[in-house]
Amino acid sequence: MPLLRVENLKAYYLMDIYGIKRAVRAVDGVSFQVEENSIFGIAGESGCGKTSLIKVLSATFTPPLTVQEGKVIYELGNGGTDILSLDGEHLRKLRWEFFSYVPQGSMNVLNPVRRVRNTFHDFVGAHRVGAPPDFLGDVTEHLGHLGLPPEVLASYPHQLSGGMRQRITLALATILKPRLILADEPTTALDVVVQRGVVQLLKRIQAEQKNTLILVTHDMAVQANLADRLAIMYAGKIVEEAPTAELFGNPLHPYTGYLIGSLPRIGDKAYKVSAPGAPPSLASLPGGCRFHPRCPHAMDVCRTEEPELSDMASGHKLACFLHGQARRG
Amino acid sequence: MFLKRYLLPRLFQYLVVIFVGTTIVFISTRLTPADPVQQTIQRITAQGGYMDPAAVEDFARTLRELYGLEGSVLQQYAGLWKRLLTANFGRSYTYFPTPVIQLIGTSLPWTLGLLSLSSILSWLAGTILGGLAGYAGQEKWAKWLESIVMIIRPIPYYIVALLALILFAYFLPIFPISGAFAVGKKVTLTWGFALSVAKHAFLPAASLVVGGIGVWFIQMKSMASNIVAEDYVMFGRAGGLSRGKLVLQYTIRNAMLPQITGLALALGQLLSGALVVEYVFSYPGVGMLLYQAITQGDYNLTMGITMLSIVVIATGVLIIDLIYPLFDPRVRYR
Amino acid sequence: MLNVLRDLLRHDGRFIFGFCMILGIVFLALLYFFCPYDLSIWNTVPRDRPPSARYLLGTNSQGQDVFWYATAAIRNSLLIGIVAASLSRVVAVLVALIAGYRGGRVDRVLMSVNDSFVVLPLLPVLVLVASMLKGKMGILGLGVILAIFGWAWDARLIRAQILSLREREFTKTAILSGMSSLRLVLGEHLPFVIPLIMATAINNMIFVIGTEIVLAVFGLSSLETPTLGTMIYWSVNYQAMLLGIWWWILTPVVICILLILSLYMLSVSISDFLDPRTRLQVIKAKG
């Protein structure tokens, strides 16, 4: 039973400043499913729309980002609820207990004028009425799992290092043991040692709590390490999706090939080739397949028609004319 | 450690302010081509009195002593400091032989009361309303409120007071428009007296609040709007925290920090406003005293009020500076 | 520059209001050139007449036409404002430049003194100075005095702008490629600073006009010269409200409010336009 179903989600930034209208199509027709007890990765370059996607999935989007169409259906045990159709209070109850969110750049997500323990009070108290007898003890234990000393509770955020704040954010996101965790670039802006720690941590939390993790990062190495299933996003659309091992072993989309090829390997002295050009502006997209201006295998059809994401064998999905079908209409 | 890093610079700045203020007062009074002694003498002779030259000489000398104008420039400067540090500004010309400090002493409580009451009220109201409006962002009521406040905000205190005076003197005579308490009442600690004081203080205080609230509202709304976009507010919302908590503990609590600093910076202007409003409503505070000093050409009194204002404001700023760490843990702890 | 004006005119209601109102007020001020009366003489017209076709805004207790007196008052108040604002710009920019570009101890000392000016209660000091100069000032003198006290806050703002410009990448690039300091400051930084100078100038004018009124009310302005402040002074002095000569006191009050409001609208819309954060909020609003 898929825990999350996204159906044809379209979310744009609509801007009208001093008379100039722009529509940035950050999420432009995205559909996928995520199973329980798994790690689903979403990878792609900066500016491909992954953060906007996460914002919609966690219902933390604000104007000018608006959902144009589509559904985000969470399986709450009642046949599925589209969270985009929920009103304020229902949505609020779902938050943190059912799904939680670890935002990008967790350096500033803690209220600077509140001690850490009060922040924990805030987040837990919003969903559990009346503190359990040993609330602080539970929190201390939870923090200990993440390698944080109990003194952290009495501190203010500015007294702690970036890595510690990152881990506190993770602790906050997992303390109510949600069924789904949405993590946006949890390892970016951290040094490699801390990165490794965070990766191990995420793996362990998922294994212990048997929940679902949706991991958004451009870092293919992290994806390779963590994700069970990986989706590649480009210019607002998913262009390829497959189990991780399958994707790395047999990348079908040219863009995926570039992403994987950019990973350094110890001892590998081959010349690294990156995809030529730059990702398109989401406000003015090229016609046809969005990747065609940079694609070395571009054919005539690529310039005029957009390929759809369709099934290949063994759970491998692809949106590219290179491998046969995927024609519109 | 904290003391050294935070306290000492603030104390130093306190002294700098008083130093700069005193020096400016000294320089600006010496630079003007007018001679207060001559002015005083002219006043008397202009009103038809005649004095023979010897008497004028004598009088001039006395006045010079009275005004602290004897001796070289450096001596006069030192004399000014002496006056400030001993809080002795000589005797008032108008109310001779009452010492200036005594006159100010009886008026000061009224001014301080009016000033602190209206400052705190307008700051609180402006900050809270601004915070709520800033959080609400684009909602209709927030925009309406901001438009209304924007119209009121730039209007000077004097005009607000004048309009209030006209309104309540001629159209809606429900509040007394002069004095601090009803004529003839004794200063006692009873409800009756307190009520009289409150009724008389209402218009001056209201003028100051209306004139001042705009600044706080607009600044706070802008600050709160920025804070609402901050990561920690967004994270709090993602965590499902209640609206009340987000508004109070996450938005306002953070956005009000620059407001506290702003209050310290605005104290000087608030005092100036209070002085003017007192004049409009004949409220027996330092403002009325200043007006009398001006019309009577009472140099000592004017000087005394000016110097004292500088000290009062500098002290107020220092107090607020000392309170600030209570609200911002980033300053309190390293 | 012109497209900035066009953008603002088309999309910011406040700017439209301010701009039109200011045009109207300046027009009134210019009308003064056609004033048929010599306003230093009293009793050129019958006293205390209410507004009529002959005397557009009535006449006052000194026997002067209120409408024409008002045009002179607007002209003089505007002049004082412009003189004071310009002078204080010079001081503010100088202080900000020296502090911002020199840095170090010079900066600290300057800012310490600057902050003293910000904090000091200016009215008592102004009153002290003005009471000594009573009556000998004239509008230019008033302008100069008022300029002495309006620069501190703006100096801080401009200095902050300069500091942030210094840290920007294009500055470091320019320095590394050997651009002379003078060219850097005048050619690269100045375009950023000028709009800020203008916005603060407008704010300063508001402050100056208001303070002139307060000084006048205390009897310290140049009382024979018509200004908004002296007009109020005389009308209060003659108990205009009490005697029912409401047109004499309300004219300067209403003009003052309109003038200050329009200046404020201009200043706010310009600084909102310049500030990238508020621009972002405008984007969010329409989204």
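Chain A has ten helices and twelve strands, where helices (H or I, at least four residues) and strands (E, at least two) are DSSP runs numbered from the N terminus. The radius of gyration of chain A, taken over C-alpha atoms, comes out at 21 Å, close to the 20 Å from the globule rule for 329 residues, so chain A is as compact as a globular protein of that length. That rule is 2.2 Å times the number of residues to the power 0.38. All of this comes from a predicted model, in which local features need pLDDT of at least 70 and side-chain atom pairs count only at pLDDT 80 or more, while totals for chains, interfaces and linings use all residues. Residues are numbered from 1 along each chain as its sequence is written, with chains lettered from A and ligands numbered from 1 in the order in which they are written.

Buried residues (20 or more other C-beta atoms within 10 Å of their own, C-beta atoms being placed from the backbone) make up 40% of chain A.

Turning to chains B and C, their contact (C-beta atoms within 7 Å) takes 43 residues from chain B and 36 from chain C. On the chain C side, helix 5 of chain C gives the largest share, nine residues. By class, that side has 28 nonpolar, six polar and two charged residues; Ala, Val, Leu, Ile, Met, Phe, Trp, Tyr, Cys and Pro count as nonpolar, Asp, Glu, Lys and Arg as charged, and the others, Gly among them, as polar.

How values were computed
Buried ≥ 20, exposed ≤ 12 C-beta atoms within 10 Å, placed from the backbone. Contact = placed C-beta atoms within 7 Å.
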